[in-house]
Amino acid sequence: MSATATRKTGRKIVLWRHGQTSWNLERRFQGSTDIELTDTGVAQARRAARLLASLKPVAIVASDLRRASATAAELAAVTGLPVAHDAALRETYAGEWQGLTHEEIIAKYGEQYAAWKRGEPVRRGGGELETEVADRAAPVVLEHAGRLPDGGTLVVVSHGGTIRTTIGRLLGLDARDWESLGGLSNCCWSVLGEGARGWRLMEHNAGTLPEPVLGDDD
């Protein structure tokens, strides 16, 4: 195989979590419930958008839930890029868990919660499995990434759980190990870079622009 056929194209995927909502502050499980950003959430999105715009993204795709679409709109405003919305990027549907606080979930569904944390396949509140979330979200991300030019950057605006499952799927991790990826803070992001052996995690839960890797592990 020629060097041209095997060369890296340098594409990047930035997976950006939405800004703060009132349910985030209350530690209330949102899932697919359509909750708006708080004023603080809007301000977070504007700040992060200015940083991400300097990466010169060429495409933006977002969940159609308002907290994600409003976050994406801030990046669109500073880049002039259109936003493609896709329901497949919504947060995990969690049935009876949705609207409950963390404490209420532990009290009512403690065994289910513990099984989920152990890495067992659990339909939280009767909702989706994490693998089912990855089944719907990861192909959308890959479809949009596949349209990138060499060196192009895609920004995906989504939700914490969906981003984690998508990263796990794109990295080829076993579903039991997805929990090893820590959560994302509001309006923070992770970066996947295209390497010789596929996608690799370059930044995780970042709130500042990536620094070059200087050392023996580049």
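Which residue in strand 4 does Arg17 stand opposite? The close-up views below start with that pairing and come from a predicted model.

**View 1. Strand 1 and its two partner strands.**
Arg17 stands opposite Ser158 in strand 4. Strand 4 covers residues 153-158, runs parallel to strand 1 and is joined to it by six bridges. Strand 5, residues 189-195, is the antiparallel partner, with five bridges to strand 1. Here you can find Val14 opposite Val191 of strand 5. Strand 1 itself spans residues 12-17, and five of its six residues are buried, so the rest of the structure largely encloses this strand.

**View 2. Trp97 and its ring partners.**
A pair of aromatic rings is described by the distance of the centres and the angle of the planes. There are five aromatic pairs in this model. In one of them, the ring centres of Phe29 and Trp97 are 5.8 Å apart with planes at 85°, so this pair is edge-to-face. The two partners come from distant parts of the chain, 68 residues apart: Phe29 is in the loop between helix 2 (22-25) and helix 3 (39-53), while Trp97 is in the loop between strand 3 (83-85) and helix 5 (102-117). Trp97 has 1% relative accessibility and therefore counts as buried. Its ring also pairs with that of Tyr109: the centres are 6.3 Å apart and the planes are at 40°, so this pair is tilted. Because Tyr109 belongs to helix 5 and Trp97 to the loop between strand 3 and helix 5, the pair ties together parts twelve residues apart in sequence.

**View 3. The aromatic cluster and the charges over Trp116.**
Follow the ring pairs and you will meet a cluster made of Phe29, Trp97, Tyr109, Tyr113 and Trp116. Two charged ends sit over the ring of Trp116. That of Lys117 is 4.5 Å from the ring centre, and that of Arg124 is 4.2 Å from it.

In soluble globular proteins, nonpolar side chains tend to be buried together. The largest nonpolar core here has 20 residues, and those touching the most other members are Ile13, Leu15, Leu89, Leu154, Val156, Leu170 and Leu192. Strand 1, helix 6 (130-145), strand 4 and helix 7 (160-170) are the elements that each give two or more residues to this core. Helix 6 gives the most, with five residues. A separate core of 19 residues includes Val14, Ala48, Ala68 and Val157.

**View 4. The surroundings of Leu192.**
Setting aside neighbours within four places in sequence, the contacts of Leu192 include Ile13, Leu15, Ile167, Leu170, Trp199 and Met202. Arg11, Lys12 and Arg200 are also among them.

Conventions:
Residues numbered from 1 in each chain as written. Predicted model: local features only at pLDDT ≥ 70, side-chain atom pairs only at ≥ 80, totals over all residues. Heavy atoms only, no water. Buried < 20%, exposed > 50% of the residue type's maximum accessible area, 1.4 Å probe, protein only. Helix = DSSP H or I, 4+ residues; strand = E, 2+ residues; numbered from the N terminus. Pairing = 2+ DSSP bridges. Phe/Tyr/Trp six-rings, centres within 6.5 Å; stacked < 30°, edge-to-face > 60°. Lys NZ or Arg CZ within 6 Å of the ring centre and 35° of its normal. Core = buried A, V, L, I, M, F, W, Y, C linked by side-chain atoms within 4.5 Å. Contact = heavy atoms within 4.5 Å.
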